[in-house]
Amino acid sequence: MKKQFKALGSELFATGKKLQIGEDGCVKLPLEGKQEVMFIQTEEGYRLIPLVPDIKRIYIEVTTKCNFDCITCIRSSWQDCLLHMEWETFENILENLKELPNLESVHFGGFGEPMMHPRIFDMLRAVKQLGLKVEMITNGSYLQKENIQQLIDLELDILFTSLDSPEEEDYNEIRQGADFQSVYHNIKNLQAMKEEKKTRKPQLGIEFVAMKKNYDQLPKLIRMAYNLGASQIIVSNLLPYHESMKDEIVYDMDDTVRMFEKDAQFATTKAQMSNMKLRTERICKFVKDKSLCINYQGNVSPCYALMHTYNCYIYGRKKDMYAFYLGNVNEKKLQDIWMDSGYVNFRRTVNENHFPSCTDCRSVEGCSYTDSNEMDCWGNSPSCAECLWARRIIACP
């Protein structure tokens, strides 16, 4: 139906003003029980954006603790406390999940080992009882038989396990504090127990972080994961968090496929490969999927990249990344945070790529805007102008 909009007083024409559409399709002042919308001014004119709690996917970081000390880890450049999420915070999240009509899945992950949380199984079970798809990522060290049995009993949908090499020596070097044989045995045991119970859940996913140390092993890793019965194999690139790792990146190689030779087709068809070159296209997985992230303190961020404050290296250049929080579940409802005008405008800006592309800008050298994500030359704050997730170079489940 074609909408006819009545003229409003000039005092209402301000970006971020919340209005409502009446039954006749006209823009009216907010009235109880009506569809709330946000009125914004754009370069092309004016737009109305419906304000609906249409969150589909939530990532929950239940802890920042981990029993490994991986050379790829964000902990090498952040100052966050190593703590578990308080149960009260999780209960607040749980109550919020019940009020999201479009919610489909919840992923337990973030930048800690979820299975270290003393009540992780209570958390998984509580979310599963809401009828939602539930996923978790783990380093695999806590997959003893009794834990596997609990994951099977509560019908976890997908369990992602990080494997950064099929070679014991290299794996143990990358994932310091880990034991390849133990983790590999745990994964095999998971699959064997599922077969014994005649169940497909949890499905097995394998995530691999590619770098110079292990990239030539990728076909062997993919074959190993395939033989283990993995339903998903995700290949991400390295985001260096420490100067010692900045020369380990393999994206922008001259010929990615040639390295795999006869295994190239197998590797690229069996795994979800990240881009190995900088492409023009930019798509934010988090915005596109209508998702958000909640860290161990209950702070809500739009994506993984903005969950914490840390340093990283973008093509060898050091960048200060500052956390961006839109609210906290201990203080405000998730649906209210999601429909806040600032968050709505942020998602619109990202979705429409209304920010520069610093990474391949000819003026990038010497540009102070690239020193941090605080602001870019188009006035966005925070800036997503160098996001390698949007370039599909960095990936996550």
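So, start with Glu352, which makes a salt bridge to Arg47, with the closest N and O atoms 2.5 Å apart. By salt bridge I mean a side-chain nitrogen of Lys or Arg within 4 Å of a carboxyl oxygen of Asp or Glu. Glu352 sits in the segment after α10 (341-351) and Arg47 is in strand β4 (residues 45-50), so this pair ties together parts that are 305 residues apart in sequence. Helices and strands here are DSSP runs, numbered from the N terminus: H or I for helices, at least four residues, and E for strands, at least two.

Before I go on: this is a predicted model, so local features need pLDDT of at least 70 and side-chain atom pairs count only at pLDDT 80 or more, while totals for chains, interfaces and linings use all residues. Residues are numbered from 1 along each chain as its sequence is written, and side-chain values use heavy atoms, with hydrogens and water left out.

Arg348 joins Arg47 and Glu352 in a network of salt bridges.

Next, Asp122. It forms a salt bridge with Arg119 at 3.0 Å between the closest N and O atoms, and Arg125 forms one with Asp122 at 3.5 Å. Arg125 and Asp122 are 3 residues apart in helix α2 (residues 120-128), about one helical turn.

And the total? The count comes to 19 salt bridges.
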